[in-house]
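Reader: I would like to go through this model by question and answer. Please keep it brisk, and give the cut-offs as we go.

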Amino acid sequence: MNGAVVGLGETAKGSGGGGGGGEVTLETLRRKMSEFARERDWEQFHSPRNLLLALVGEVGELSEVFQWKGEVPGEREVEHLGEELADVLLYLIRLSDMCDVDLGKAALRKMELNARKYPIGQCRGSSKKHTHYSTTTTTTTDNGASGDDNNRNAGAGAGADADAGKEQC
């Protein structure tokens, strides 16, 4: 990353990081990232497109930790792995903030949708896609949209709020 994460990581781990050893929330990270960018006048560069491209770059760097190696990095690489994971997380949090998406709520909602798509009794121990199972997860509604499409657009504040974030991004 461009140095932003290193500085933030030092703040979060140090005495100014919110009480040291305490729980770190997505909201705490969101606020710290916003403040970090504002203090450096970097908000002008943090368009959703730029943040997404930076995120993709960081995912590439994360991939390099695993490239041509075993499934799990060695002990010496764990710190580097943590840094790359943090870069990905921080860019993701910043992107969600700029798109006005509550990432925590979106993640919990997605987990609920996945639990319906992958019922324990049918998929335990299987890596098959949800379309393989006989559950009815995609039903057609009166307007012709599939149930999955409706679930993607049904949000905490109904469809208008969910669409508002998409227009920004």
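Reader: How many helices and strands are there in the protein?
Author: Helices (H or I, at least four residues) and strands (E, at least two) are DSSP runs, numbered from the N terminus. From that end the elements run α-α-α-α-α-α-α-α. The count is 8 helices and 0 strands.

Reader: What pLDDT do local features need here?
Author: This is a predicted model, where side-chain atom pairs count only at pLDDT 80 or more, totals for chains, interfaces and linings use all residues, and local features need pLDDT of at least 70. Residues are numbered from 1 along each chain as its sequence is written, and side-chain values use heavy atoms, with hydrogens and water left out. For local features, the value is at least 70.

Reader: Which helix has the lowest mean pLDDT among the elements?
Author: pLDDT is the predictor's confidence in each residue, from 0 to 100. The protein has a mean of 77, and 66% of its residues reach 70 or more. Helix α2 (residues 26–39) has the highest mean among the elements, 98. The lowest, 35, belongs to helix α1 (residues 4–13).

Reader: What share of the 169 residues is buried?
Author: Buried means under 20% relative accessible area, exposed over 50%, and partly exposed in between (1.4 Å probe, protein chains only). By that cut-off, the buried share of the 169 residues is 23%.

Reader: What does Leu51 contact, leaving aside neighbours within four places in sequence?
Author: Leu51 is one of the core residues. Two of its partners, Tyr91 and Leu95, are also in that core.

Reader: How far apart are the C-alpha atoms of Leu52 and Leu95?
Author: Leu52 lies in helix α3. At 41% relative accessibility, Leu52 counts as partly exposed. Leu95 is 43 residues away along the chain, yet the C-alpha separation is 6.8 Å.

Reader: Is the pair of Phe36 and Trp42 stacked or edge-to-face?
Author: Rings of Phe, Tyr and Trp (its six-membered ring) pair if their centres lie within 6.5 Å; planes under 30 degrees apart count as stacked, over 60 as edge-to-face and the rest as tilted. The whole structure holds 1 aromatic pair. The ring centres of Phe36 and Trp42 are 5.8 Å apart and the planes are at 65°, so the pair is edge-to-face.

Reader: Which residue lies over the face of Phe36?
Author: Phe36 is buried, at 9% relative accessibility. A charge sits over a ring if NZ of Lys or CZ of Arg is within 6 Å of the ring centre and within 35 degrees of the ring normal. At 3.5 Å from the ring centre lies Arg40.

Reader: Where is Trp68 found?
Author: Trp68 has a positive phi of about 60° although it is not a glycine. Trp68 is exposed, with a relative accessible area of 80%. Its place is the loop between α3 and α4.

Notes:
Core = buried A, V, L, I, M, F, W, Y, C linked by side-chain atoms within 4.5 Å. Contact = heavy atoms within 4.5 Å.
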